[in-house]
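Keep the viewer open while you read.

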Amino acid sequence: MTRKQSELLKYIKTYIQENEFSPSYDEMRNAVNLKSKSGIHRLVHGLVKHNKLKIVRYSARSVELVDG
């Protein structure tokens, strides 16, 4: 896992604990200081491959943490 992926995962965990729903891609982008949504898309899909996140299709805030 890269440093940015780790940083994003920590942000997502904290956000979900505080709000009970996941952050939007724009909120994630701002949190890790990226300029494009495509960068967040790559990070999120990297975390999915590492089995840290799950993407829920057809949902606005579509990221869920994987238990474990």
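## Ground rules

Let's begin with accessibility: a residue is buried under 20% relative accessible area, exposed over 50%, and partly exposed in between, using a 1.4 Å probe and protein chains only. N51, for instance, is exposed, at a relative accessible area of 53%.

This is a predicted model, so local features need pLDDT of at least 70 and side-chain atom pairs count only at pLDDT 80 or more, while totals for chains, interfaces and linings use all residues. Numbering runs from 1 along each chain as its sequence is written, and side-chain values use heavy atoms, with hydrogens and water left out.

Helices (H or I, at least four residues) and strands (E, at least two) are DSSP runs, numbered from the N terminus.

## The nonpolar core

Which residues make up the largest nonpolar core? There are eleven: L8, L9, I12, M28, V32, I40, L43, V44, L47, L53 and V63. A nonpolar core here is a set of buried Ala, Val, Leu, Ile, Met, Phe, Trp, Tyr and Cys residues joined through side-chain atoms within 4.5 Å. Helices α1 (3–19) and α3 (37–49) each supply at least two residues of this core, and α3 gives the largest share, with four.

I12 lies in helix α1 and is buried, with a relative accessible area of 0%. Contact means heavy atoms within 4.5 Å; leaving aside neighbours within four places in sequence, I12 is in contact with P23, M28, L53, V63 and L65.

## How α1 meets α3

Two packed helices are described by the angle between their axes and the distance between the axes. Axes are lines fitted to C-alpha atoms, for helices over the stretch in contact, and angles run from 0 to 180 degrees between N-to-C directions. For α1 and α3, the angle is about 85° and the axes are 10 Å apart. That makes α1 roughly perpendicular to α3; angles under 35 degrees count as roughly parallel, over 145 as roughly antiparallel, 65 to 115 as roughly perpendicular, and the rest as oblique.

Who does the touching? On the α1 side the contact is made by K4, Q5, L8 and L9, and on the α3 side by I40, L43, V44, G46 and L47. These residues divide into six nonpolar, two polar and one charged. In this scheme Ala, Val, Leu, Ile, Met, Phe, Trp, Tyr, Cys and Pro count as nonpolar, Asp, Glu, Lys and Arg as charged, and the others, Gly among them, as polar.

## An aromatic cluster

How many aromatic pairs are there? The count comes to two. Rings of Phe, Tyr and Trp (its six-membered ring) pair if their centres lie within 6.5 Å; planes under 30 degrees apart count as stacked, over 60 as edge-to-face and the rest as tilted.

Y11 and Y15 form a tilted pair, 5.8 Å centre to centre with 50° between the planes. Both sit in helix α1, four residues apart, about one turn of the helix. Y15 is buried, at a relative accessible area of 13%, whereas Y11 is partly exposed at 23%. Y15 also pairs with F21, this time edge-to-face: 6.0 Å centre to centre and 75° between the planes. F21 is partly exposed, with a relative accessible area of 39%. Y11, Y15 and F21 form one aromatic cluster.

## Loops and the strand

Now for the loops. N33 is found in the loop between α2 (25–31) and α3, is exposed at 64% relative accessibility, and has a phi near 55°, a positive value in a residue other than glycine. S36 is found in the loop between α2 and α3 too, and is partly exposed at 31%.

N51 is placed in the loop between α3 and β1 (53–55). N51 is not a glycine, yet its phi is positive, about 60°.

In strand β1 you'll find I55, partly exposed at 28% relative accessibility. Not counting residues up to four places away in sequence, I55 touches Y25, V44, H45, V48 and S62.
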